[in-house]
Amino acid sequence: MALIPLEQALEHYASVRPLPVHRVPLDIALGSVLAESPRSRLSLPRFTQSGMDGYAVRAADGTGPRTLIGTSAAGSPTDVRVGEGQAVRILTGGMLPDGADAVARQEIVERDGHGIVLREAVRVGEAIRREGEELKQGDVLAEAGQRVTAGLVAVLAMAGVDEIDVRRRPRVSVLITGDEVLRVGHPLGPGQIYDANGPLLRAWFVEQGYGEPVIGYVRDDERELEEAMSAALDSADLVITSGGVSVGDRDYVPLVADRLGVRRTFWKVAQKPGKPLWYGVRDDGKALLGMPGNPGAVLVCLAIHARAVLGRLEGETSSQPAWRHGVLTTNVEADAERDRLLRMRLDLGDGTARLTLLPKQESHMLSNLASAHVLAWLPSRSEPFAAGERVAWIPI
Ligand code: AMP
Ligand code: MG
């Protein structure tokens, strides 16, 4: 079967059906993608207030003596009106009393009981935050399609938005296949290896803000896989399998997926590592990414492919990773048939992103993940990449 180019694989994810929109309280919106462009329910600042601790005055009174007639603290406004020769003690965030048009910050004021004198005159509007100077009621705070960050949560809360329309977060189910695979912490028998992919997948989803995926372990057994995959497809929006997707005698993922009505979109991508990647969608929109068992390949499939599918499920309109650019510090071999996705060290010291190839890049090797910062994308071509050449990368 012919390999499909990486770019073409990414284009296929455009057909992923976005998950339904639901309205959630702001408290649980972090990390979701907005399905509306929320507007401010208030003006911000909500009322004209002091930006400093000091005295609310009339600028026109210059440096003449003034009598204190009240106090306006944050949350405790006063209803007195500041007349000629009068002042109100005011604290940061306190509502500006009627009649006042400036705040004399405490540092320029001499106080004696109920009398104050300004050491310097103040301008109209000095040390004052005007109602609506930042936002008017109805102003758009963020755009649909944006992901909710901690900063946006703060903006929405202060603007009075307590509920918001977002895409439902994707539910992910992971199936780790392989008779040889054992969870760390148990003694290894002959021919057994510790599972790297379960921990990798789990940590990656948590790190990306999706929470814990459901993870199941299945033997290289057709019936067992069918049962587990069927249950996973019913409960999750995206099913990810690890292993069993190549052409070995015990590689049952493509066969079983097909039998369960997951229509294959592609199998085998011109990428290194991660060539055996299988992708398909069931009629009800459930997506399946069949990843190879080699952990180096799983990392690429997650960072490039799973990220794109998840983004589409959440209503993103591009499948492209957020590529950045940097220069290679050494010559790097190219692959004539497949795009290489290489684990590299990133150095930003002098403002230029410098990418240094790490050793041990084979797909079954993963020890360099302990020090890799990025995945660099070196498109397939016959001539090697030269030191100083510009390439795209994403953080991992
Ligand atoms: P497979 O894709 O099932 O043919 O597996 C390819 C290679 O990856 C084999 O050497 C497997 O032993 C290894 N492998 C499969 N699953 C895992 C796993 N969960 N953790 C680490 N290595 C694995
Ligand atoms: Mg296997």
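1. Lining of the largest cavity. In this predicted model, the largest cavity is lined by Thr177, Arg219, Asp220, Asp221, Leu225, Gly244, Arg250 and Tyr252. By class, that lining has 4 charged residues, 2 polar ones and 2 nonpolar ones.

2. Cavity count and volume. How many cavities of 30 Å³ or more does the structure hold? The count is 1. The largest cavity contains about 40 Å³ of space.

3. Where ligand 1 sits. Look for ligand 1 in the second largest pocket. A pocket is open, whereas a cavity is a space that the probe cannot get out of. Keep the two terms apart when you read the model.

4. The shell around ligand 1. The ligand is surrounded by 15 residues. The closest are Glu180, Asp195, Ala196, Gly244 and Gly293. Sorted by class, the shell has 7 nonpolar, 6 polar and 2 charged residues.

5. Polar contacts to ligand 1. Which part of Gly244 lies 2.9 Å from an oxygen atom of ligand 1? A polar backbone atom does. Gly293 also places a polar backbone atom 2.9 Å from an oxygen atom of the ligand. Asn294 uses its side chain: a polar atom there lies 3.3 Å from a ligand oxygen atom.

6. Cover over ligand 1. On its own, ligand 1 has 490 Å² of accessible area. The protein covers 75% of that area.

Technical notes:
Residues are numbered from 1 along each chain as its sequence is written. Chains are lettered from A and ligands numbered from 1 in the order in which they are written. This is a predicted model: local features need pLDDT of at least 70, side-chain atom pairs count only at pLDDT 80 or more; totals for chains, interfaces and linings use all residues. Side-chain values use heavy atoms; hydrogens and water are left out. On a 1 Å grid over the protein atoms alone, a cavity is a set of points where a 1.4 Å probe fits but cannot get out, and a pocket is an open set with protein on both sides within 12 Å along at least five of seven lines; lining residues have an atom within 4 Å of a point. Grid points are joined across faces, edges and corners, and a volume is the space filled by probe spheres set on the points. Ala, Val, Leu, Ile, Met, Phe, Trp, Tyr, Cys and Pro count as nonpolar, Asp, Glu, Lys and Arg as charged, and the others, Gly among them, as polar. A residue is near a molecule or strand if one of its heavy atoms lies within 4 Å of it. A polar contact is a pair of N or O atoms within 3.5 Å; within protein, one must be able to donate a hydrogen and the other to accept it, and residues adjacent in sequence count only if both atoms are side-chain atoms. Accessible areas come from the Shrake-Rupley method with a 1.4 Å probe; for residues, only the protein chains shown count as cover. A molecule sits in a cavity or pocket if more than half of its atoms lie within 2 Å of its grid points.
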